[in-house]
Amino acid sequence: MSDRVRPWHGIMVATALPLRDALTVDLDRYAEHCRWLVGNGCDGVVPNGSLGEYQTLTPEERARVVETAVEAVGGANVMAGVGAYGAAEARAWTERAGEAGCGSVLLLPPNAYRAGEDAVLDHYREVARAGVPVVAYNNPYDTKVDLTPALLARLFDEGLIVAVKEFSGDPRRAYEIAELAPGLDLLIGSDDVLLELAVAGAVGWIAGYPNALPASCAELYRAATAGDLATALPLYRALHPLLRWDSKTEFVQAIKLSMDLAGRHGGPCRPPRLPLDADQEAVVRAATEKALAEGLR
């Protein structure tokens with residue numbers, strides 16, 4: 001059972017977005033997917049993240065995806081991705097998320113260029129004015145902006161953020177964040193450091209691979225955050241050949257392929273994402289089929 005006490009706690013799945021063969025968005029299938037995730041041990045969903053290919057969506061599509069998620073699982077269980085090139089657009093998406101009833105939003109720093117600390121602070125100040133709880137997203141690889149523990153502490157001290165999705169892959173940061181900003185909630189941001197960050201005190205997981213294997217991923221998360229390493233470690237070892245794809249450039253294609261193999265609809269991606277090459281597909285396919293043969297679901 002979840003011990004979730006805030007809307008951004010627990011397993012919040014960064015949802016893959018079902019596309020038809022013509023690459024149009026299938027909202028009915030997306031709603032069913034959101035309900036299925038919550039029905040299989042997850043706490044909520046994160047629409048319009050990178051896994052949801054938000055960069056390729058029209059404004060109308062992006063709005064409807066959030067509305068569909070809220071209708072499917074309830075607003076408190078939705079953390080809308082509001083990443084944008086500028087603070088004005090990110091604030092507008094945050095205001096729409098608030099109007100839709102979302103419990104929180106996930107906000108990247110400015111990512112049109114390598115922004116300095118003052119620009120990052122100004123960005124989060126502007127979006128925080130919308131009045132919706134903001135989860136910062138630290139992804140220094142893709143944004144080229146590193147939300148260091150010291151910078152996160154400044155954002156938290158100003159009341160601009162409630163949590164951070166930590167995607168640096170460095171579990172040592174968890175301890176520094178706890179020292180510099182004791183009240184800031186740490187959320188696991190990359191699947192392949194789940195155990196390390198859970199042991200370090202994470203209270204949530206913005207997750208990728210539960211799109212394909214929600215029940216086993218939920219069991220792993222609950223055991224890890226409860227300190228039950230006898231349960232968590234074997235599961236982590238079994239799942240890790242898949243979880244590590246969450247940190248690769250081709251994570252969307254890999255997770256969608258695993259969904260297809262698990263009997264869900266992963267389907268195609270929109271350009272510029274291309275299908276996995278033959279070697280990549282073989283690796284993902286073999287790891288997924290092995291996990292399914294071992295009873296992981």
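In this predicted model, the second largest pocket is lined by Gln253, Lys256, Leu257, Asp260, Gly267, Pro268, Cys269, Arg273, Leu274, Pro275, Leu276 and Glu281. Helix H11, which spans residues 251-261, contributes the most to this lining, with four residues. Sorted by class, the lining of the second largest pocket holds six nonpolar, two polar and four charged residues. The space inside the second largest pocket comes to about 240 Å³.

The largest pocket has a volume of about 820 Å³. It is lined by 40 residues, and those closest to its centre are Ser50, Tyr54, Gln55, Asp142 and Arg273. Arg273 is also listed in the lining of the second largest pocket. Several elements each supply at least two residues to the lining of the largest pocket: helix H2, helix H3 (87-100), helix H5 (140-143) and strand E8 (204-207). Of these, H5 gives the largest share, three residues. The lining of the largest pocket is made up of 18 nonpolar, 13 polar and nine charged residues.

Helix H2, one of the elements that line the largest pocket, also packs against another helix. Two packed helices are described by the angle between their axes and the distance between the axes. For helix H1 (residues 27-39) and helix H2 (residues 59-73), the axes come within 9 Å and cross at roughly 45 degrees. The two helices, H1 and H2, are therefore oblique to each other. The crossing in which H1 passes H2 is right-handed. On the H1 side, the contact is made by Leu27, Tyr30, Ala31, Cys34, Arg35 and Val38. On the H2 side, the residues are Arg64, Val65, Thr68, Ala69, Ala72 and Val73. By class, the contact of H1 with H2 consists of nine nonpolar residues, one polar and two charged.

H6 and H7 cross in a right-handed manner. From H6, the contact involves Pro149, Ala150, Leu152 and Ala153. From H7, it involves Arg173, Glu176, Ile177 and Leu180. The residues of the contact of H6 with H7 are six nonpolar and two charged, with no polar residue among them.

Terms used:
Residues numbered from 1 in each chain as written. Predicted model: local features only at pLDDT ≥ 70, side-chain atom pairs only at ≥ 80, totals over all residues. Heavy atoms only, no water. Axes fitted to C-alpha atoms, helices over the stretch in contact; angles between N-to-C directions. Parallel < 35°, antiparallel > 145°, perpendicular 65-115°, else oblique. Left-handed = near helix turned anticlockwise from the far one by under 90°. Contact = heavy atoms within 4.5 Å. Nonpolar A, V, L, I, M, F, W, Y, C, P; charged D, E, K, R; others polar. 1 Å grid on protein atoms, 1.4 Å probe; cavity = no way out; pocket = protein on both sides within 12 Å on 5 of 7 lines; lining within 4 Å. Points joined across faces, edges and corners; volume = space filled by probe spheres on them.
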